[in-house]
Amino acid sequence: MDLSTFAKNITLNYLSVEEVSKSFGTLELFENLSFGISQGQKIALIAKNGTGKTTLLDIIAGKEAPDSGQVVYRKGVKVGFLPQEPDLEPTLSIEETILSSDNEILGIINAYEKALQNPDEAEAYQKAFDQMEAKQAWDFETTYRQILTKLKLDDLSKKVSDLSGGQKKRLALANLLLGKPDLLILDEPTNHLDLEMIEWLEEFLKSENLTLFMVTHDRYFLDRVCNHIIELEDKTLYNYKGNYSYYVEKRAERIEVEQTTTAKAKQLYKKELDWMRRQPKARTTKSKSRIESFGDIKDRASKRRDDHQVELEINMERLGSKVLEMHHVSKGFEDNYLFQDFDYIFKKNERIGIIGKNGTGKSTFLNVLTGGLIPDQGKVVHGETLKIGYYTQGGIQAKEGQKVIEVIRDYGDYIPLTKGRQISASQLLEKFLFDRKKQYDFVEKLSGGEKKRLYLCTVLIQNPNFLILDEPTNDLDIVTLNVLENFLLDFPGCLIVVSHDRYFMDKIVDHLFVFGEGKITDFPGNYSDYRDLKALELEAKYEESSQTSSETSTKSKPNTEPKNKLSFNEQKTYKKLEKEINTLEKKKEKLEAEFLKDLSPEEIKEKTMALQKIQAELEDKTEQWFELSMKLEA
């Protein structure tokens with residue numbers, strides 16, 4: 001191996017976490033944790049709420065100090081951190097916030113944009129143009145515009161103080177991505193993003209040569225972006241060198257081995273206990289060693305897993321023949337209708353998912369449905385036996401000094417099950433991972449995710465027969481999500497879910513209400529079905545457009561330039577995209593042809609992944625090309 005090849009194969013270690021521990025009072029979050037992050041790794045940290053995920057991210061990002069241990073960075077590594085709650089200067093505008101970063105190229109692009117607005121100042125324009133050329137800023141400007149567009153940050157003059165929590169999170173994310181750090185540390189990056197934004201971010205992080213360390217509950221995101229999973233459980237770290245699917249498989253294997261070991265330890269414990277009770281008089285060296293190891297055997301034998309398999313036969317109040325009906329319902333604000341003339345009769349046991357971009361009226365629709373808002377037109381009819389349970393984004397409002405068990409008992413003492421059985425408030429809390437000790441903690445001591453979990457329990461304890469969940473997966477850890485999914489799969493009533501968690505939606509719902517363009521469309525399938533259909537529609541649209549474009553170019557004179565309705569850079573991007581799309585199409589055809597050969601399973605897997613990557617890139621570039629085409633034809 002020559003030196004150049006050797007250098008390419010060296011993996012740089014960006015940082016090392018060495019023997020880090022952290023406690024808050026008597027609560028010990030973790031102890032002596034050690035791991036490293038190397039260049040090119042895309043690592044996700046998985047753990048239950050309340051076990052210190054955010055605290056660990058804060059320590060790694062240098063925002064908080066550990067009680068003991070240290071985090072050692074490689075010299076010169078640039079780190080970017082996205083917290084759950086971004087800290088932005090409220091007096092700045094969106095543009096000022098972005099330009100206040102130390103990114104030199106952003107300043108050059110800004111100067112060029114200003115020069116374009118003053119075409120009479122030829123000298124200033126030429127200087128700005130030369131700078132763009134010298135720093136090769138054209139591609140970066142495309143990325144800059146793409147990021148702002150995809151994250152819906154269109155009004156650059158808007159002040160940070162006037163932004164919603166979701167807009168602030170998106171601005172912080174845009175600023176972070178544009179800063180081009182060597183290492184990205186992300187705490188729940190998909191929160192406050194709609195499905196379109198999440199999919200764009202997924203593709204961006206997957207295709208870019210980035211190093212990531214993040215916490216997210218979005219399992220599709222984990223599966224498609226990450227190549228390494230670290231699980232923190234019982235203050236111990238477990239490493240899995242693969243994506244989320246690999247983690248699920250290997251974790252199940254680990255648990256099975258642990259359970260087998262525990263069963264053997266129990267048998268050995270029983271045998272050793274009998275021996276200890278006989279109180280042998282002879283204390284030989286061998287017997288003393290046996291006594292000393294008795295404590296270890298006891299610890300292994302008493303180990304329990306906290307995972308809960310929810311298999312409940314809930315005996316809810318029976319739904320009558322009339323469940324809930326919406327007749328010609330319309331709702332809007334200031335003459336702008338979010339949805340119009342919507343008709344729907346809900347049937348028993350329906351499981352409906354609601355999707356749409358932010359601001360298309362999803363939460364408004366739920367408030368109209370539940371009677372919280374009066375429709376502008378039409379009527380909503382509730383059946384006589386209807387009992388709605390509504391989990392909103394607002395969260396729980398506990399009284400000062402209230403304990404967890406006291407909060408849930410304010411709403412109910414038990415859920416009735418079939419055959420005269422019941423599940424008590426305490427048992428429901430246990431199923432949602434609040435152990436007996438945690439149930440007597442004060443609510444103010446809970447983490448954000450634990451408060452959401454408690455709020456969910458207060459809705460469920462009321463035993464509704466029509467359950468509405470508005471973004472239930474935000475801030476919930478993956479372990480809790482699995483518990484919730486199992487509970488909902490057993491839930492015998494009607495269910496409506498608004499969620500940006502595609503994995504959750506695919507598992508729970510049967511059909512979708514799709515919001516957008518002032519209407520609601522009923523789609524007969526889950527989110528993946530819907531996404532596949534949109535991809536087919538986009539492909540058909542592209543083929544039709546390509547054919548039209550080809551016919552037009554045949555009739556027109558050679559070397560005819562597009563009408564000058566695009567900026568200089570947009571024209572450059574437009575031409576570049578046409579070439580790139582053509583190249584990707586050829587790559588796709590060549591790769592598809594290779595599937596006709598006799599391939600091994602490993603080769604099939606490798607080529608399938610490559611094909612998926614090309615297809616995703618093709619879709620993204622085609623969408624950009626369409627946007628510019630529409631602008632050109634306007």
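Guide: A residue is called buried when its relative accessible area is under 20%, exposed when that area is over 50%, and partly exposed in between, with a 1.4 Å probe and protein chains only. Helices (H or I, at least four residues) and strands (E, at least two) are DSSP runs, numbered from the N terminus. The model is predicted, so to speak of local features a pLDDT of at least 70 is needed, and side-chain atom pairs count only at pLDDT 80 or more, while totals for chains, interfaces and linings use all residues. Residues are numbered from 1 along each chain as its sequence is written, and side-chain values use heavy atoms, with hydrogens and water left out.

Let us look closely at helix 8, which covers residues 195–207. Helix 8 has 13 residues and reaches 18 Å from its first C-alpha to its last, close to the 18 Å expected, where the expected span is 1.5 Å times one less than the number of residues. The buried residues of helix 8 are Leu 195, Met 197, Ile 198, Glu 199, Trp 200, Leu 201, Glu 202, Phe 204 and Leu 205. At the start of helix 8, a side-chain oxygen of Asp 194 comes to within 3.2 Å of the backbone nitrogen of Glu 196.

From here we can follow the buried side chains into the cores. A nonpolar core is a set of buried Ala, Val, Leu, Ile, Met, Phe, Trp, Tyr and Cys residues joined through side-chain atoms within 4.5 Å. The largest nonpolar core has 75 residues, and those with the most contacts inside it are Phe 346, Phe 365, Leu 428, Phe 466 and Phe 513. In soluble globular proteins, nonpolar side chains tend to be buried together. Contact here means heavy atoms within 4.5 Å, and Phe 466, leaving aside residues up to four places away in sequence, touches several residues, including Val 323, Phe 346, Leu 386 and Phe 491.

Phe 513, also named in the largest core, belongs to strand 19 (residues 511–516), in which six of the six residues are buried. His 511, Phe 513 and Phe 515 point one way from strand 19, whereas Leu 512, Val 514 and Gly 516 point the other way. Two strands pair if DSSP finds at least two bridges between them. Strand 12 (residues 351–355) runs parallel to strand 19 and is joined to it by four bridges, with Ile 354 opposite Phe 513. Strand 20 (residues 519–523) runs antiparallel to strand 19 and is joined to it by five bridges, with Phe 515 opposite Ile 520. Strand 19 and strand 20 form a hairpin with two residues between them, and Glu 517 in the turn has a positive phi of about 55°. Another hairpin is built from strand 8 and strand 9, again with two residues between them, where Asp 234 in the turn has a positive phi of about 50°.

Strand 1 (residues 13–24) pairs with strand 2 over eight bridges, and Phe 24 stands opposite Leu 27. Seven of the eight residues of helix 2 are buried, among them Leu 56, Leu 57 and Ile 59. Gly 62, which follows helix 2, has a positive phi near 80°.

Finally, over the chain as a whole, the secondary structure comes to 20 helices and 20 strands, and 47% of the 634 residues count as buried.

Technical notes
Polar contact = N/O pair within 3.5 Å; in protein donor to acceptor, adjacent residues only side chain to side chain.
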